[in-house]
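Reader: Hi! Could you walk me through this one? I'd like to chat about its contacts and its surroundings.

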Amino acid sequence: MSLVLDKKEIYTILSKRKFIKTKKQLLDMLRITSKNFFYFTDNCEMLNHDKNLNPVMWQVCHVIYFFDNLIFKNLNGCERLNNFKLDQNYDSFLTPLEYRDYKRISYQECVNYYKKLVNILENYIINNEITNIEAYLISLGILHNEMHNEAFIFCKLKLTNSFNFKINLDNNVDIIDNLEFIKYDGGRFRQGTDDQIDYLTFDNEMPSFIKSVKPFSISKYPITEYQFLQFVKENGYTNEKYWCDVSYKWKNKNNISLPLYWYKTGDTYYKKINNKNISVNTNLPMSTISYYEAKAYCKWKNVRLPTESEWEYVATNKGISKFPWGDDLPDNVKCNINYKNFIQPVNSYNYGNNKKNVSQLIGNIWEWCEQPIYPYNGFVIDPVYREMSYPFFGFKKICKGGCFAVQDFLIHPRYRNAQTPDCRIQFIGFRVCN
């Protein structure tokens, strides 16, 4: 079988998948995602360019390119956009960051193309039989769009220091000072997943396997801003012994002396978001922080990041439930998802705690795990989204759990996000183990 699959080969593989969505579910997903796409990309043509960021206007075109070349192309009988401007410049695997042309198409042109693709998909869903094959292809396009909806938010924040959310000031609360750990005796559970009905299963999540976990303890909450502030005050950023060789050189090369968006005036530390100075003496979880910084905190505190197996063991209650709270699907009572709120305090959303009262394993912020992302034994590359995982094996670090800027139809405990260890712009924090 060739590495680039034709439609017949793709359909043969996808015909064996269990995943299914009704027409109503697909239409609801599409309408939610497209509404957010317009909301979070509004005026993006006016944003400044940062050579270290994936250009927002390029991402807008990339989403359209992805729909046309991976989804419409493979849906039997589906109309195409057929626009010569949407060429391989918008293929994220073929075009390196430094060569991504973000000025070729105006935002208004993109809006017109995107409206057309939404109309094409709506008509296709309404007028065609939707088997597991069509459900997979359509959902793949929508979920890829969702990943970029999140990216539009954190890129806009990095470029302008403002975005579309009200900032939680977390005032007049009792500060969580000490780390509270919850003990696990260890055991065996099934890590990863196999083909699912409710959630599209990405290739890096499969196949499932039995994993043994040794006894460990995990923090009830993610590390808060207040707790991380103590590391800062004790010269954590300047003491070389808390950093590995690579992270120390990275920190010095980039003149990093505080977390992203943090500032110091006199003896007071605060963060600047929406161009407002905000206290960091809060119970809000650390966010927009790199793996390197999280590891330095761990060395200072004599703790460690959880392994992916430990994190998943906790988030599935030793493998017996689909989610931390049980088998019910996520909602905005159990967790901070669906773009409803910006980051909230770590001791909120208690209805989403797991069976041993570990908090906020789903939503609010992503959480760094210790290891790089690697394929599970028996890994099979996705027949459509070929570059979803394999180019990043071995160097991107695992992030689990989602954040406020993910949809409930994307996130679950076995979903595997991964980012480079120097990533500071995504809404990633961490909890710790000992």
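**Salt bridges, helices and a pocket**

Author: Happy to. Asp68 and Arg80 form a salt bridge, their closest N and O atoms being 3.0 Å apart; the term means a side-chain nitrogen of Lys or Arg within 4 Å of a carboxyl oxygen of Asp or Glu. Asp68 lies in helix α3 and Arg80 in the loop between α3 and α4, so the pair ties together parts that are 12 residues apart in sequence. Helices (H or I, at least four residues) and strands (E, at least two) are DSSP runs, numbered from the N terminus.

Reader: What should I know about the model and the numbering?

Author: This is a predicted model, where local features need pLDDT of at least 70 and side-chain atom pairs count only at pLDDT 80 or more, while totals for chains, interfaces and linings use all residues. Residues are numbered from 1 along each chain as its sequence is written, and side-chain values use heavy atoms, with hydrogens and water left out.

Reader: Thanks! Is Asp68 buried or exposed?

Author: Asp68 is buried, at a relative accessible area of 5%, whereas Arg80 is partly exposed at 25%. Buried means under 20% relative accessible area, exposed over 50%, and partly exposed in between (1.4 Å probe, protein chains only).

Reader: How many salt bridges are there by this rule?

Author: The count comes to 18. One of them joins Glu367 and Arg431, with the closest N and O atoms 2.7 Å apart. That pair links distant parts of the chain, with Glu367 in strand β8 and Arg431 in the segment after β11 (428-429), 64 residues apart. Glu367 is buried at 0% relative accessibility, and Arg431 is buried at 0% as well.

Reader: And which residues do salt bridges with shared partners join into one network?

Author: Glu308, Glu312, Lys400, Arg414 and Arg416 make up that network. Glu308 and Glu312 are also among the buried residues of α9.

Reader: Oh, tell me about α9 then. How many of its residues are buried?

Author: Eight of the eight residues of α9 (residues 308-315) are buried, so the helix is largely enclosed by the rest of the structure. They pack against β1 (181-184), β2 (187-191), β3 (209-213), β4 (216-219), β8 and β9, where contact means heavy atoms within 4.5 Å. Just after α9, Asn317 has a positive phi of about 50 degrees.

Reader: What about α6?

Author: Seven of the nine residues of α6 (residues 225-233) are buried, so this helix too is largely enclosed by the rest of the structure. The buried ones include Tyr226, Phe228 and Phe231. Their cover includes β5 (262-265), β6 (268-273), β7 (276-279) and α8 (291-301).

Reader: Changing topic: how much space lies in the largest pocket?

Author: About 1700 Å³. Of the 47 residues that line this pocket, the closest to its centre are Asn54, Lys396, Gln419, Thr420 and Cys423. On a 1 Å grid over the protein atoms alone, a pocket is an open set of points where a 1.4 Å probe fits, with protein on both sides within 12 Å along at least five of seven lines; lining residues have an atom within 4 Å of a point. The volume is the space filled by probe spheres set on the points, which are joined across faces, edges and corners.

Reader: Which element gives the most to that lining?

Author: That's α5, with nine residues.
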